[in-house]
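Hi everyone, thanks for making time this morning. I'd like to walk you through the aromatic rings in a structure that may be new to you.

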Amino acid sequence: MITALVTKEKISVDSLAESLKSKQAGAVASFSGDVRDNDADKDVTSLTYEIHPTAQSVIEEITHRIAAKHDVLGVAVAHRYGEIAIGETAFAVVVSAVHRGPAFAACEEIVSTVKDELPIWKYQVFADGTTEWVNSA
């Protein structure tokens, strides 16, 4: 089973892991990218993600491509967009497999590839009044 989505809805590693439950899975590897209250020694007061219209198809392609390279049973990936509160999950990946090696490898590769290839931009507002776009041209 493979699930990949870009959503405005709240996401959690626990709910993604639940969707992959299987008696065959001896390993479940996960990643939760949560919004923190700081970046580069500055206090972050708000964070918003903006997406390109192709983001959904891109995250699906990445997830399927990487899942096919590894001996996995299931993969669930979700990336939020819009304003996300400090402490909430912005990006989550869960991979189930019979053994830990493929689960860890696929999870790490999906996280890195999504960070590199997904057309999404982060806008941060800092406590000192400055702002920053991350991953923008």
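**Rings and their partners**

Let's begin with a charge and a ring: K42 lies over the face of F126, 4.5 Å from the ring centre. Please keep in mind that this is a predicted model.

Now, how many aromatic pairs are there? The count comes to two.

Let's take F31 and F91. Their ring centres are 5.7 Å apart, and the planes meet at 65 degrees. Edge-to-face begins over 60 degrees, so this pair is edge-to-face. Where do the two residues sit? F31 belongs to strand β2, residues 27-34, while F91 belongs to strand β7, residues 89-97. The pair therefore ties together parts that are 60 residues apart in sequence.

Is each of these residues buried or exposed? F31 has 29% relative accessibility, so F31 counts as partly exposed. F91 comes in at 4% and counts as buried, because the cut-off for buried is under 20%.

On to the other pair, Y123 and W133. Here the ring centres are 4.8 Å apart and the planes are at 45 degrees, so the pair is tilted. Y123 is in strand β8, residues 120-126, and W133 is in strand β9, residues 131-134. These two residues are 10 apart, and their pair links distant parts of the chain.

What about their accessibility? Y123 has a relative accessibility of 25%, which makes Y123 partly exposed. W133, at 43%, also counts as partly exposed.

That's my tour, and I'm happy to take questions!

Definitions and conventions:
Residues are numbered from 1 along each chain as its sequence is written. This is a predicted model: local features need pLDDT of at least 70, side-chain atom pairs count only at pLDDT 80 or more; totals for chains, interfaces and linings use all residues. Side-chain values use heavy atoms; hydrogens and water are left out. Rings of Phe, Tyr and Trp (its six-membered ring) pair if their centres lie within 6.5 Å; planes under 30 degrees apart count as stacked, over 60 as edge-to-face and the rest as tilted. Helices (H or I, at least four residues) and strands (E, at least two) are DSSP runs, numbered from the N terminus. Buried means under 20% relative accessible area, exposed over 50%, partly exposed in between (1.4 Å probe, protein chains only). A charge sits over a ring if NZ of Lys or CZ of Arg is within 6 Å of the ring centre and within 35 degrees of the ring normal.
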